[in-house]
Amino acid sequence: MTREPSQWEKIVADNPQHSTWYVERFREMSRQGNDLDGEARFIDAMMPRGARILDAGCGPGRVGGRLHELGHEVVGVDVDPVLIDAAQQDHPGPRWLVGDLAALDLPDQGIDGGFDAIVCAGNVMTFLAPSSRVEVLRRFRAHLAPHGRAAVGFGAGRGYSFAEFRSDLATAGLVEELSLSTWDLRPAQDQSGFLVAVLRPA
């Protein structure tokens with residue numbers, strides 16, 4: 001079966017400089033002193049020190065890098081080698097891997113699953129190939145420890161409705177424990193334009 005390219009891969013195919021632009025955008029925001037650590041603070045608050053955390057769709061390492069600085073053991077995976085190269089340069093310490101989240105099998109690479117937490121930030125779910133969404137969520141479930149939790153955040157109006165996401169969760173064997181509208185713990189509202197969902201295995 002032919003693999004459907006992700007939305008991110010389509011963007012990069014249309015504009016090969018997009019990944020480099022993306023990396024430099026966040027480097028510039030960091031130089032300007034912007035607060036880029038909201039997602040990392042959220043995950044850190046959920047976890048004991050030294051937790052094993054998977055940064056799924058890690059991009060250039062902004063979230064996973066900060067979690068490593070806070071004392072956690074981090075593995076980051078992204079389909080884009082340019083972003084992984086930037087993560088390795090800017091945030092040494094975590095293990096950064098090029099990989100397709102829909103084919104994620106870290107034990108096959110000698111890395112134990114059993115993560116205490118998975119963070120999937122930066123609208124990653126909306127950049128996936130639509131046909132791969134359920135499988136990605138299944139892979140999240142497979143990589144969580146029995147007590148583990150995943151936090152997924154993405155915005156509305158990006159081609160993946162919150163209702164579709166919740167239906168996919170049920171298919172993938174995940175339960176939504178907590179729904180928020182931001183990474184800074186604001187409650188979810190009916191008209192919220194963003195969803196942060198904390199998930200556990202069913």
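Covering the buried residues of helix α3 are, among others, β1 (52-56), α4, β4 (115-120), β5, β6 (174-180) and β7 (194-201). Buried means under 20% relative accessible area, against over 50% for exposed and in between for partly exposed (1.4 Å probe, protein chains only). Helices (H or I, at least four residues) and strands (E, at least two) are DSSP runs, numbered from the N terminus.

The model is predicted: local features need pLDDT of at least 70, side-chain atom pairs count only at pLDDT 80 or more, and totals for chains, interfaces and linings use all residues. Residues are numbered from 1 along each chain as its sequence is written, and side-chain values use heavy atoms, with hydrogens and water left out.

α3 is mostly covered, with 7 of its 9 residues buried. These are Gly38, Glu39, Ala40, Phe42, Ile43, Asp44 and Met46.

α3 (residues 38-46) packs against α4 (residues 62-69) at an angle of about 45 degrees, and their axes are 8 Å apart. The two helices are therefore oblique to each other; that class takes the angles left over from under 35 degrees (roughly parallel), over 145 (roughly antiparallel) and 65 to 115 (roughly perpendicular). On the α3 side, the contact (heavy atoms within 4.5 Å) is made by Glu39, Ala40, Ile43 and Asp44. α4 brings Arg62, Val63, Arg66 and Leu67. By class, this contact has 4 nonpolar, no polar and 4 charged residues.

**Aromatic pairs**

The structure holds 8 aromatic pairs. Rings of Phe, Tyr and Trp (its six-membered ring) pair if their centres lie within 6.5 Å; planes under 30 degrees apart count as stacked, over 60 as edge-to-face and the rest as tilted. Phe154 and Phe165 have ring centres 5.1 Å apart and planes at 80 degrees, so this pair is edge-to-face. Phe154 lies in strand β5 (residues 144-155) and Phe165 in helix α8 (residues 162-172), so the pair ties together parts 11 residues apart in sequence. Elsewhere, ring pairs link Trp8, Tyr22, Phe26 and Phe127 into a cluster.

| Residue | Relative accessible area |
|---|---|
| Phe154 | 0%, buried |
| Phe165 | 0%, buried |
| Ile111 | 7%, buried |

Ile111 sits in the loop between β3 (95-98) and β4. What does Ile111 contact, leaving aside its neighbours within four places in sequence? Its contacts are Arg52, Val75, Arg95, Leu97 and Leu106. Ile111 and Asp14 are 34 Å apart in space, C-alpha to C-alpha, and 97 residues apart in sequence.

Key
Axes are lines fitted to C-alpha atoms, for helices over the stretch in contact, and angles run from 0 to 180 degrees between N-to-C directions. Ala, Val, Leu, Ile, Met, Phe, Trp, Tyr, Cys and Pro count as nonpolar, Asp, Glu, Lys and Arg as charged, and the others, Gly among them, as polar.
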